[in-house]
Amino acid sequence: MIANIVKPGHKTRGVLNYLYGPGRANEHADPHLVASWDGFAPDPGRDPDATLAQLADVLDLRVKQAGHKAPKNHVWHCSIRAAPEDRHLTDDKWAAIARRVLNATGIAPAGDPDACRWVAVRHADDHIHIVATKVRGDLRPPRNWNDFLRADKELVAIEKEYGLRQVPRGDRTAAKRPTRAEQEKARRTGKSRTSREHLRTVLRTAVSAATSTEEFFRLVEGAGALVDVQYFPSGDVRGYRVALDGDTNAQGEPVWFAGSTLAPDLSYPKIAERLTAAEATPAERTDAPAWRRLALAVDRTPDHLAHDEDEAGQAHITVLAEALDALPLIAPVDLRPELIQAATAFERAGRSRIRAQHQQAQATRRAVKAILREPAPKDGALLAMLLDALLLAVIAAQHWHRTRDHTQQVEAARQTAAHLRAAYQATAAEPLTPLHHRGRNLAQWLLKSQAAVVRQALPGLAEQVLAEPGWPALAATLNDATTAGHDPAALLSQAARHRELDTATDLSEVLTWRLIRLREPAPGKPPRTKAAGRVQPGSATTPRTTLPESRPRSR
């Protein structure tokens, strides 16, 4: 169940007109009272002699008695909606729910003869509206501070007691949803999403690509948005706001959004904190391609989440969201819709009330920015390897949030994993083909040797793995690891520990990619490298940030 408490108003009759009217799309059916403060309030829906004016007058009685002492906006309006899959509740049950919410919020405490006057109106199967006037019998205002959180807490208990769907609760870090007016404007103009949603995507992608706040603003402008930066008298940046070029209000002015109103982590201080941390942390010297560096860095995320402090864990989840935001920019065209959906879903999972220590995740952040400045690999092996690592990290983030009761983030991570799994499956088939051929051509004694390794490392899963179509590719990969100087059984055990194998449809394929990513030359053994995928001299250093569905800014 979800409660929605709207901003207090001053027209009791106006709210009643809506509740007893046909609705905006004639969706209201049989509007009637299910409960009231004394059980005797007139019901214009069921009593032919009762009128809306009579109901408004009895609700406003104490407001008129209080005179100038009454609050200007005295109408308290709360809707309570059940989940679509919940059973239909009777009027009596809705009445009991209304009384419990009114008691919890302080509008009408149980047993208080001076409690505010209120009514509960039902005009649909799945929800009710509670209307109260905020003047008590002693002509004082009610103590309804923090009423939304109190109502929400009571609804959690109601869901459990009534056997209803337990709706994931938030921690007040979710991005603001588009308003009804914004949604209707998008429909009128033929847009698939609102300006708020479009700008949120633009900003998040720019943050993932930028290496400084100055570059961040340039990238946002280049993605078809207007940017207005505000400064303190000292010259320091105070904040910023953005608008889509061409999106205007009735006066022809741009519709501006402050970054903090698009999402809590898109305020200027939060963005500057992330980018400044990236600048301040020295980079490690390495010749490895950025795609491989990112895959290896992301692969360590589950360990960080399992063992680091909460602040460091939140930092790794934040940079994981940045990786997902960046990937659609450089992924093959056919994968972009799935990856965009993954990034959009994980946006909610990327934040919590825990303050991130961004210095703890800079290696991954630098790798994210680097893949936007290096040529994309020509084969799908590195991409499949990266998608597998991202999938593992998202599943680990889901577990991390679950252990901290971040229910909305858990659901967001679950949705993200589904999209990443689909993208991975679409990517992995082609690059696995050469490994299959090599595995089929291995000598029989080598195949038997690698089969023994599987039985040693995975005694409970070995026969399933050996019977799968992907076994030849895994055998070839194990043979490569042995040649490179690794202990193949130890490497395979490590790969198996880091995977939700019970949900994998092809264990051998999953383990193959995990081994490819984990495989590094053993101490004292020279690596066997290939030229493919390395950055060539003269590679572009400007990030590729043309957003999907974005358009160039008109001049």
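## Leu-511 in helix H22

Leu-511 is buried, at 1% relative accessibility. Buried means under 20% relative accessible area, exposed means over 50%, and partly exposed lies in between (1.4 Å probe, protein chains only). Leu-511 sits in helix H22, residues 507–518. Helices (H or I, at least four residues) and strands (E, at least two) are DSSP runs, numbered from the N terminus. Arg-351 lies 160 residues from Leu-511 in sequence, and the two are 31 Å apart in space, C-alpha to C-alpha.

This is a predicted model, in which local features need pLDDT of at least 70 and side-chain atom pairs count only at pLDDT 80 or more, while totals for chains, interfaces and linings use all residues. Residues are numbered from 1 along each chain as its sequence is written, and side-chain values use heavy atoms, with hydrogens and water left out.

## The whole protein

The protein has 22 helices and 8 strands. Its C-alpha atoms fill a box of roughly 95 × 60 × 40 Å, taken along the principal axes. Of its 555 residues, 53% count as buried.

Contact means heavy atoms within 4.5 Å. Take the contacts between residues at least 6 apart in sequence: 74% of them join residues at least 24 apart.

## H22 against H11

Two packed helices are described by the angle between their axes and the distance between the axes. Axes are lines fitted to C-alpha atoms, for helices over the stretch in contact, and angles run from 0 to 180 degrees between N-to-C directions. Helix H11 (residues 290–299) packs with H22 at an angle of about 110°, and their axes are 10 Å apart. H11 and H22 are therefore roughly perpendicular. Angles of 65 to 115 degrees count as roughly perpendicular, under 35 as roughly parallel, over 145 as roughly antiparallel, and the rest as oblique.

On the H11 side, the contact uses Arg-292, Ala-295, Leu-296 and Asp-299. On the H22 side, it uses Arg-514, Ile-516, Arg-517 and Leu-518. By class, this contact of H11 with H22 has 4 nonpolar residues, 4 charged residues and no polar ones. Ala, Val, Leu, Ile, Met, Phe, Trp, Tyr, Cys and Pro count as nonpolar; Asp, Glu, Lys and Arg count as charged; the others, Gly among them, count as polar.

## H18 and its two sides

The 14 residues of H18 should span 20 Å at 1.5 Å a residue, and its end C-alpha atoms are 20 Å apart, which agrees. The expected span is 1.5 Å times one less than the number of residues. Buried in H18 are Leu-446, Leu-447, Gln-450, Ala-451, Val-453, Val-454 and Ala-457. Seen down the axis of H18, these buried residues fall within an arc of 155°, so they line one face of the helix. The arc is that of the directions from the helix axis to the C-beta atoms. The face turned away from the buried side of H18 carries exposed Gln-444, Trp-445, Lys-448 and Gln-456.

What covers the buried residues of H18? The cover includes helix H17 (407–440), helix H19 (462–467), H20 and helix H21 (488–497).

## Where H18 meets H20

The axes of H18 (residues 444–457) and H20 (residues 471–483) come within 10 Å and cross at roughly 90°. H18 and H20 are therefore roughly perpendicular to each other. H18 brings Leu-446, Leu-447, Gln-450, Ala-451, Val-453 and Val-454 to the contact. H20 brings Trp-471, Ala-475, Leu-478, Asn-479 and Thr-482. The residues of this contact of H18 with H20 divide into 8 nonpolar, 3 polar and no charged.

## H4 and its neighbors

Helix H4 (residues 91–105) has 15 residues and reaches 21 Å from its first C-alpha to its last, close to the 21 Å expected. Its buried residues are Trp-94, Ala-95, Ile-97, Ala-98, Val-101, Leu-102 and Thr-105. They fall within an arc of 165° seen down the axis of H4, so they line one face of the helix.

Gly-106 follows H4, and its phi is positive, near 90°.

## Positive phi elsewhere

In helix H8 (residues 213–222), Thr-213, Glu-215, Phe-216, Phe-217, Leu-219 and Val-220 are buried. Just after H8, Gly-224 takes a positive phi of about 95°.

Which residues other than glycine have a positive phi? Asn-146 is one of them, with phi near 60°. Asn-146 sits in the loop between S5 and H5, and is partly exposed at 27% relative accessibility. Asp-405 is another, with a phi of about 60°. Asp-405 lies in the loop between helix H16 (381–403) and H17. Asp-405 is exposed, with a relative accessible area of 64%.
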